[in-house]
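Thanks for passing this one along. Here are my notes, point by point, to read beside the coordinates.

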Amino acid sequence: AVKRSPKECLASAEFGKTYVVQPSVSDPRTDERGHKLGWRMYIACVSPPNSRALRWYMFCGGYLVAADGPLERGVLEPLGHVTKDRVCSFDAWPESSAYEPVMREKITAVLRAAQPRMKPPVGKGCFELFGVDLIVREAEVNGGFGSDGGEDEEASVDDADVRIVEFNRSPRVKIEDKPMLHALLNIAVPKYGIPQHGAVWD
C-alpha cells in the first residue's frame with residue numbers, strides 16, 4: 001500500500017500485525033512512457049546438513065521491470081507505483097555493467113548485517129531463494145533507457161542513487177526462470193538439479 005504519511009500508515013494498520021514502513025523514492029527512474037522502473041535481482045542462501053554455516057549466492061542476471069501505468073507525482077494509485085512487468089533481462093539493459101557492482105555491494109552489506117540473526121536447522125540441509133527489488137533515482141543519471149544518450153555512453157553512477165526497496169522470500173518466478181532454479185538446485189541439492197550452461201550463481 002502507498003500512503004502519504006507515517007500517520008496514514010498507522011491509521012490503516014491492523015492490531016496484531018507486523019508492518020514495514022519506509023519512505024518512497026520520490027524521483028525514481030522512468031522509461032520513455034513515463035512508467036516507473038525497478039530492478040529485480042536474485043540471491044540464494046544455502047546451509048549444508050549438520051552445519052550452521054550459511055553460504056550466499058547471487059544470480060548473474062535478473063530483470064528490469066516497470067509499472068503498469070505512468071507515474072504521476074502525488075498520485076498514490078498502485079498502477080503507477082508497483083513495478084512488476086518485465087521489460088528486459090538485466091544483461092540487456094545498456095547500463096548494467098555500470099550499475100551491477102553498486103547493486104551487488106548494497107545487497108552484500110544487507111546480508112552481512114542480517115546473517116548473525118539467521119539460525120538454520122542443524123540436522124538437515126536447507127536453502128532459500130530471495131528476490132531483491134531495487135530502484136535507481138532519476139537524479140544524476142546519464143544515458144540509458146528514455147535518454148538521448150547512446151548505449152555506448154558510460155553512466156555516471158552515484159551509489160546514493162541506488163536504493164534497495166525490499167527483499168522477498170520465495171519470489172514470483174516464471175517458466176523462463178527454470179534454468180536459474182535448476183542451477184540453484186545443482187548447488188543446494190545436486191541430485192534434483194539438471195545441468196545448466198547459461199545460468200550462473202556466484
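1. Let me start with a tryptophan. Trp201 is buried, at a relative accessible area of 10% (buried means under 20%, exposed over 50%, partly exposed in between, with a 1.4 Å probe and protein chains only). Trp201 sits in the segment after α4; helices (H or I, at least four residues) and strands (E, at least two) are DSSP runs numbered from the N terminus. Setting aside neighbours within four places in sequence, Trp201 contacts Tyr42, Ile43, Ala44, Tyr57, Met58, Phe59, Leu129, Met180, Ala183, Leu184 and Ile187, where contact means heavy atoms within 4.5 Å. Trp201 and Cys60 lie 141 residues apart in sequence, yet their C-alpha atoms are 5.8 Å apart in space.

2. A word on the ground rules. This is a predicted model, in which local features need pLDDT of at least 70 and side-chain atom pairs count only at pLDDT 80 or more, while totals for chains, interfaces and linings use all residues. Residues are numbered from 1 along each chain as its sequence is written, and side-chain values use heavy atoms, with hydrogens and water left out.

3. Now the overall layout. The protein chain has four helices and six strands, in the order α-β-β-β-α-β-α-β-β-α from the N terminus. Its C-alpha atoms fill a box of roughly 50 × 50 × 30 Å along the principal axes. Of the 202 residues in the protein chain, 37% are buried. Among contacts with a separation of 6 or more, 71% are between residues 24 or more positions apart.

4. Strand β3 (residues 63-70) deserves a look. It is largely enclosed by the rest of the structure, because six of its eight residues are buried. Strand β1 (residues 35-47) runs antiparallel to β3 and is joined to it by five bridges; two strands pair if DSSP finds at least two bridges between them. In that pairing, Gly38 stands opposite Val65. β3 also pairs with strand β4 (residues 83-89), again in the antiparallel sense and over five bridges, with Leu64 opposite Cys88.

5. Is Gly61 buried or exposed? Gly61 is buried, with a relative accessible area of 6%. Gly61 and Arg40 are 21 residues apart in sequence and 9.0 Å apart in space, C-alpha to C-alpha.

6. How many disulfides does the structure hold? The count is zero, a disulfide being a pair of cysteine sulfur atoms within 2.5 Å. For Cys88, the closest cysteine sulfur belongs to Cys60 and is 17 Å away, so it is too far for a bond. Cys88 counts as buried because its relative accessibility is 17%. For Cys126, the closest cysteine sulfur is in Cys45 at 6.8 Å, which is also too far for a bond. Cys126 counts as partly exposed, at 29% relative accessibility.

7. Helix α4 (residues 178-188) has Met180, His182, Ala183 and Leu184 as its buried residues. These pack against β1 and β5 (126-136). Met180, Ala183 and Leu184 are also among the contacts of Trp201.

8. On to the pockets. A pocket here is an open set of points, on a 1 Å grid over the protein atoms alone, where a 1.4 Å probe fits, with protein on both sides within 12 Å along at least five of seven lines; lining residues have an atom within 4 Å of a point. The largest pocket holds about 1600 Å³ of space, volume being the space filled by probe spheres set on points joined across faces, edges and corners. It is lined by 47 residues, of which Ala1, Val2, Gln22, Ser24 and Val165 are the closest to its centre. At least two lining residues come from each of α1 (6-12), β1, β4, β5 and β6 (162-169). The lining divides into 23 nonpolar, ten polar and 14 charged residues (Ala, Val, Leu, Ile, Met, Phe, Trp, Tyr, Cys and Pro count as nonpolar, Asp, Glu, Lys and Arg as charged, and the others, Gly among them, as polar).

9. The second largest pocket has about 190 Å³ of space. Its lining includes Cys45 and Cys126, the pair whose sulfurs are 6.8 Å apart. The largest share of this lining, four residues, comes from β5. By type, the lining has nine nonpolar residues, one polar and two charged.
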